[in-house]
Protein chains: 2
Amino acid sequence: MIQQQRPLAPSELILGGGFWGDFQELNRSAIIPHCLHWVEHVGWVGNFEAVTAGEPFQHAGTEFADSEIYKLLEAMAWELRRRPDDTLATQYADLVARVAAAQDPDGYLHTSFGHQGQRPRYSDLEWGHELYCFGHLFQAAAAAVRAGIVSDLPRVATALADHVYAEFGPDGRSDVCGHPEIELALVELHRATGRPQLLELARCFIERRGHGSLGQIEFGAEYFQDDVPVREAGTLRGHAVRALYLAAGAVDVAVETGDQELLSACVRQWESAVSRRTYVTGGMGSRHLDEAFGEDFELPPDRAYAETCAAIASVMLSWRLLLATGKERYADLIERTLYNSVISSPRADGRAFYYVNTLHQRVAGTAPAEDRPSVRALADLRAPWFEVSCCPPNVARTLANLGVYFASVSEDTLHLHQYADFTVDTTLGSGASVNLQVSTGYPDGATVSVVLRGALDAASSVALRIPSWARGRAVLSTGAVIGPDDETVTVAGPLPAGHEVVLHLPMLPRVTRPHPRIDAVRGQVALERGPFVLAVEDVDLPAGVTVNDIAIDPSHIRPSGQGARVGVVVNGASPGGHGTPSSDEGVTPRLVPTQTFATYQPYYRWANRGPSTMRVWTPEAHPAAAPGPSSRPGA
Amino acid sequence: MIQQQRPLAPSELILGGGFWGDFQELNRSAIIPHCLHWVEHVGWVGNFEAVTAGEPFQHAGTEFADSEIYKLLEAMAWELRRRPDDTLATQYADLVARVAAAQDPDGYLHTSFGHQGQRPRYSDLEWGHELYCFGHLFQAAAAAVRAGIVSDLPRVATALADHVYAEFGPDGRSDVCGHPEIELALVELHRATGRPQLLELARCFIERRGHGSLGQIEFGAEYFQDDVPVREAGTLRGHAVRALYLAAGAVDVAVETGDQELLSACVRQWESAVSRRTYVTGGMGSRHLDEAFGEDFELPPDRAYAETCAAIASVMLSWRLLLATGKERYADLIERTLYNSVISSPRADGRAFYYVNTLHQRVAGTAPAEDRPSVRALADLRAPWFEVSCCPPNVARTLANLGVYFASVSEDTLHLHQYADFTVDTTLGSGASVNLQVSTGYPDGATVSVVLRGALDAASSVALRIPSWARGRAVLSTGAVIGPDDETVTVAGPLPAGHEVVLHLPMLPRVTRPHPRIDAVRGQVALERGPFVLAVEDVDLPAGVTVNDIAIDPSHIRPSGQGARVGVVVNGASPGGHGTPSSDEGVTPRLVPTQTFATYQPYYRWANRGPSTMRVWTPEAHPAAAPGPSSRPGA
């Protein structure tokens, strides 16, 4: 074990109301019931019953439809732990029973392969998603154990894992699944059940990948990270969700096996991808075609794919690296991603979702039908369900267990990583107890109060993360200003019960300029405020103006609501020529700049007021960029 | 008929050597033989033999593999007219015979549908490409007639067309093909054979589209232009090749039926798409995912799809609009597209091709295997063949008949649209003869000489197109400067045989700035010279510098070879933080600017010297864009 910190058990951190508490309530009251409705409605639960019945049947949905039920079971387990409820418990038990009944006698459990009229087991490792689905079942089972839910699922998962070990273990076939996920899931199930062979199997899958065992596909071996072994790769690449789940599994294996080289490889890949291949929202994966990262600094806002599941996988990876290394830089990215790429997915009512999280909507989208799955993972309005519907239940399981990301403990310190209203009652590695309450209006409020509910002994500390954007400007209740390089401020014992520490954070809007290598947003700025990235929608612009028409005056920005009121120049540009828009064939746009104001709101809330255009990055109004002919014959 | 000009027959314009003559020789000696080899090698000709044999067989290639043979037959017909040759004639006759033998008794001819073990005819109009393939057969047959080649193909095509008329004509099923193409092909075959029902059928297909008769697909009805009727649409949208072939067919129908409203719709769509959805290279179609245009001003250089076939289809559409309206703006786009998006496809040796014509290669591509088709239509190095290999034979048929785009005639005028070494001997609408010779070093040379080989009578003229980039700076041999608004300069009779007119064109490099609405290239410039768009490759930069590292100093540009020698600033930027590249989490790139020079070459020649990075648009070095922190906490 090379882990610096351990996560808290669900019983050790109790999240109250407020910003995130409200999201958990939305998850309970809307998102989970919505997903439960849809997995029945589209026949994905029915697939299990059809397998149980033993007759040939028309399989509903994609090859990975099973996994959506498993993610939902994981969400329900966390939710049952958070707030027990008979109705939910009955739904959970019923769903587990229907899944369990479809398990083959040898432990295999998948509704798309291996039964009468279906393709044989493991006959399409590139696209079949069998082991991927197993992984989500393992995660659901591990969640049941950790949440203390009495369920048949751990037994089902263990029997399946034994089958997988026999097929793919050290003495089995030397293959991997086209979609990583089973690796991290095996380690989670290993931790929950203590079975060493699960860790061994996870290690096999990590080591095997990158040697070209998967077949040639249109998108290249990079798509499923089969191009370079995990410990040799320099960055995250290919399909973003696959890359991030794989790296998360690799960290798990590295931590459990004490493999410092493998951990360093994951740190290196994270650093490279985060500093060169990540949107300001935390979104990852630039390309629609193959849902891939793309090259360094290829970060188009209008064609951002930034899949919701990639954001969730990024949080999972960063959290594992935080625990392994103790560095708060990972919590910085978790915060950025949760506030700007995870909760941008659900609609305000929790009954429709973004799969893609674009940073620039040029044309107001259309509303997908509410009564059937969307065939398109595009940036129209949020859709109630998708033919590939990985994102909604992934949001559900993330929100249901969100508190896990807020704090952790090391030998002598309780580490507070995210701020919300919550209590912690835990034991440090040293055996000392820490019991405290965090109260805050964050992200709207500018203060975080930490009150000790029990004494903190002389050898113990509480470490508060200073968000990266607040360093050098945050102030402690003692009057101390947090230094610009300080990731944390540490409150050391001995301190009596009732002692309060208040952290004051700078909550004014701030202007962010892009890295100069990002061609796609050169000359544009983004606005951020607290943990929020802001965006403008045309509904917050004068009538008839779209977000494509404006430039921003960064000298006129003041706070407004959760966002900012900003001076903008409206450019009435329209092309007048017959040539290409960048040729010198007579295009002389008529630019009639007028000055006005726009309201920028937190990005995650966009598209909740009907179809609109939207942008995160806005061109900067600038004397040097003044209106003029678009082109001019040169030397 | 509402056509202003008529095209010349192959016998009326003889293209000599020089820039385009060399390309035609490359086509003859390399591209056509290369394609002939591959359609045999991958079994696509074999499909016809298998159908003829009448036994169930494993079909090779995609559902539209037949069309590649038809495009190749079209290329061979033009080539046999250009320079007769026994070997080529034998190959042609052999290929025609093998195709013809596969025709069903009722005229149907397709190797993917309708035979034993295959799906029924017309059971997959969305993706099956049956009518699309027929269209290419019709074009090949029309080419045989126009080129005067004795062949069985017109008979085969006519029998097939009769079958299609019975199935899809006014009394048949009211359906269209997912991929437009048959519309323009029916009009071509109608013109070649005089059969009125072919025009009627073309009109049916044009009018039917846009009413949602095709099934729902992931990319939406816009993908195959089934969202809005042709005469109501405001712009070109969806899959670029489909949109352009459809519009070309619509112009053909409009011209033949005197439908001014339909023609106006096509003009409107062309104007909108060209001024808002077209790359400086003439490339069309920004998106990889669905090969689609994308939204207005969505023109990312690094993810430009800009398919070779879309460029060819754009030339076909512009040519039809030129003939219909007499406007030289269409010749401007034809020139831009031929020089910068069509001939960028073939490698210098004519044995490998770009499918995608990117404007920015961030990372040096890898060389695809030379002995098997590429599965990827990506911007690595050019590939010898593709699993979807529409582009290579499309290049072949375009080059073989390239002279058609160079001149046309109206009632009293011979119009010269493109410049090369060629002779024209034709008859105007009035009945008057024109016989002349064009001699030029164009595009390298700056002069175009037109010498009358026969007298030009008093009622006749020769009109020379002034390229849009030359207007206001071109000079005639008389000393007259061509005005900035003059599309043409007209040389009016009477003039004696031997009279010479010389046009002097300004051939210095020029700087082009993008339309201010194109976010993706804000702050960047392109260089153009004559008809060429220029690009820089890292092989023309100091060792170790990639095109991602440079900014351009537009004040230091001088001509060099066919390109330019340009002052550039090399920025050694590297990210130093752990945050996203655009967040304020400590990214402070170290920018160490150094001054040097780079050679920009015509874009079409890139990637002929091994893997390289390349860019067309280059950031402009600018005091206001000086090195500094990438981001700074704001107000």
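This is a predicted model: local features need pLDDT of at least 70, side-chain atom pairs count only at pLDDT 80 or more; totals for chains, interfaces and linings use all residues.
Let me begin with a term: a residue is called buried under 20% relative accessible area, exposed over 50%, and partly exposed in between, using a 1.4 Å probe on the protein chains only.

Side-chain values use heavy atoms, with hydrogens and water left out, residues are numbered from 1 along each chain as its sequence is written, and chains are lettered from A and ligands numbered from 1 in the order in which they are written.

Now to the salt bridges, by which I mean a side-chain nitrogen of Lys or Arg within 4 Å of a carboxyl oxygen of Asp or Glu. Over all chains, the search of the whole structure finds 96 of them.

In chain B, Glu25(B) forms one with Arg83(B), the closest N and O atoms being 3.0 Å apart. Because Glu25(B) lies in helix α1 (residues 18-41) and Arg83(B) in the loop between α3 (65-82) and α4 (86-101), the pair ties together parts that are 58 residues apart in sequence; helices here are DSSP runs of H or I of at least four residues and strands are runs of E of at least two, numbered from the N terminus. Arg83(B), at 35% relative accessibility, also counts as partly exposed. In chain A, a network of salt bridges links Glu25(A), Arg28(A), Glu79(A), Arg82(A), Arg83(A) and Asp85(A).

Also in chain A, the side chains of Arg347(A) and Glu370(A) meet in a salt bridge of 3.0 Å, N to O. This pair links distant parts of the chain, 23 residues apart, with Arg347(A) in the loop between α12 (329-342) and β3 (360-361) and Glu370(A) in the loop between β3 and α13 (391-400). Arg347(A) is buried at 18% relative accessible area, whereas Glu370(A) is partly exposed at 44%.

Back in chain B, Glu298(B) and Arg287(B) form a salt bridge whose closest N and O atoms are 2.8 Å apart. Both residues sit in the loop between α10 (260-276) and α11 (308-325), eleven residues apart, and both are buried.

Which strand holds Gln524(B)? Gln524(B) lies in strand β14 (residues 524-529) of chain B, and counts as buried at 2% relative accessibility. Its side chain is joined to that of Arg615(B) by a polar contact of 3.1 Å, a term for N or O atoms within 3.5 Å where, within protein, one must be able to donate a hydrogen and the other to accept it, and residues adjacent in sequence count only if both atoms are side-chain atoms. Leaving out residues up to four places away in sequence, Gln524(B) touches residues of both chains, including Asp519(A), Arg522(A) and Trp617(B), where contact means heavy atoms within 4.5 Å.

Finally, the cavities, each a set of points on a 1 Å grid over the protein atoms alone where a 1.4 Å probe fits but cannot get out, with lining residues having an atom within 4 Å of a point. The structure holds eleven of 30 Å³ or more. The largest is lined by 14 residues, with Arg287(A), His288(A), Arg303(A), His288(B) and Arg303(B) nearest its centre.

Terms used. On a 1 Å grid over the protein atoms alone, a cavity is a set of points where a 1.4 Å probe fits but cannot get out, and a pocket is an open set with protein on both sides within 12 Å along at least five of seven lines; lining residues have an atom within 4 Å of a point. Grid points are joined across faces, edges and corners, and a volume is the space filled by probe spheres set on the points.
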